[in-house]
Amino acid sequence: MSEPASISLGIAQRYASAVFGLAIETSALDAVENDVDALAAALDESADLRDLISNPVYSREQQSAAISAVASKMGLSATVANTLALMASKRRLFVLPQLVTALREKIAAHKGEVTAEVVSATELTQAQKDKLAEALKESVGKTVKVNAAVDETLIGGLVVKVGSKMIDTSIRSKLSALQNAMKEVG
């Protein structure tokens, strides 16, 4: 890992530990989890928000005012809103994506959950996600939360990552394996 990336991760881990500790102390873990999901969705959907947190052109005051407005508009809990305000005042908003990831990991570990990153060729229905989560739960032995994404280049099938394990049943990988086998024969 590069040095700046590890520094960012360290900063994010410290903020995540503080937010997680406060959430446990105040019995607000569910609210913080909802806030984390909302922030993750906002970061995925809004180029303006990503620009706000990463662009050094914005002053400390501009970032503080903007992130406070975003937190208010999103209805974030006081714990998360105050943390974002503190991060803006310290010019640390650039670690927000890592903070979201770190908080998700802490919350999942606390709940005894694991997250499965699932990539499919088409959008999975809720029933398919539930069935996949149940099958993975039997395999892993823990409650599984499914993070689904779409990659049309897979052609069909799924790529599932749980922890360090990866299961690739995509047609793209099967075609690639077939192509390699044919090269070895010829």
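So, among contacts in the chain between residues at least 6 apart in sequence, what share joins residues at least 24 apart? For this chain it comes to 69%, with a contact meaning heavy atoms within 4.5 Å.

Before I go on, a word on what we're looking at. This is a predicted model, so local features need pLDDT of at least 70 and side-chain atom pairs count only at pLDDT 80 or more, while totals for chains, interfaces and linings use all residues. Residues are numbered from 1 along each chain as its sequence is written, and side-chain values use heavy atoms, with hydrogens and water left out.

Okay, the overall layout. We have 8 helices and 4 strands, and those are DSSP runs numbered from the N terminus, helices being H or I with at least four residues and strands being E with at least two. Walk along the sequence and you read α-α-α-α-α-α-β-α-β-β-β-α. Taken along the principal axes, the C-alpha atoms fill a box of roughly 65 × 40 × 30 Å. Of the 186 residues in the chain, 33% are buried. Buried here means under 20% relative accessible area, exposed means over 50%, and partly exposed is in between, using a 1.4 Å probe and protein chains only.

Now the salt bridges. The structure has 5 of them, where a salt bridge is a side-chain nitrogen of Lys or Arg within 4 Å of a carboxyl oxygen of Asp or Glu. Have a look at Lys 145. Its bridge to Glu 33 has the closest N and O atoms 3.6 Å apart. That pair links distant parts of the chain, since Glu 33 is in helix H2 (residues 29–45) and Lys 145 is in strand E2 (residues 143–150), 112 residues apart. Glu 33 is buried, at a relative accessible area of 12%, whereas Lys 145 is partly exposed at 27%.

Lys 145 also meets the side chain of Asp 37 in a salt bridge, 3.8 Å from N to O. Asp 37 is in H2 too and Lys 145 in E2, so this pair ties together parts 108 residues apart in sequence. Asp 37 counts as partly exposed, at 27% relative accessibility. Step back and you get a network of salt bridges linking Glu 33, Asp 37, Arg 104, Lys 111 and Lys 145.

Next, Arg 172 and Asp 151. They form a salt bridge too, with the closest N and O atoms 3.7 Å apart.

On to helix packing. Two packed helices are described by the angle between their axes and the distance between the axes. Our axes are lines fitted to C-alpha atoms over the stretch in contact, and angles run from 0 to 180 degrees between N-to-C directions.

Start with H2 and helix H3 (residues 47–54): their axes come within 5 Å and cross at roughly 100 degrees. That makes H2 and H3 roughly perpendicular; the cut-offs are under 35 degrees for roughly parallel, over 145 for roughly antiparallel, 65 to 115 for roughly perpendicular, and oblique for the rest. On the H2 side the contact uses Ala 42, Leu 43, Asp 44 and Glu 45, and on the H3 side Ala 47, Leu 49, Arg 50 and Ile 53. By class, that is 5 nonpolar, no polar and 3 charged. Ala, Val, Leu, Ile, Met, Phe, Trp, Tyr, Cys and Pro count as nonpolar, Asp, Glu, Lys and Arg as charged, and the others, Gly among them, as polar.

Then helix H4 (residues 60–74) and helix H5 (residues 78–89), whose axes come within 8 Å and cross at roughly 165 degrees. H4 is therefore roughly antiparallel to H5. Here Arg 60, Gln 63, Ser 64, Ile 67 and Ala 71 of H4 meet Ala 81, Leu 84, Ala 85, Ala 88 and Ser 89 of H5. The classes in this contact are 6 nonpolar, 3 polar and 1 charged.

Last stop, Val 100, in helix H6 (residues 96–111). Is Val 100 buried or exposed? Buried, at 6% relative accessibility. Leaving out residues up to four places away in sequence, Val 100 touches Val 36, Leu 39, Ala 40 and Leu 43.
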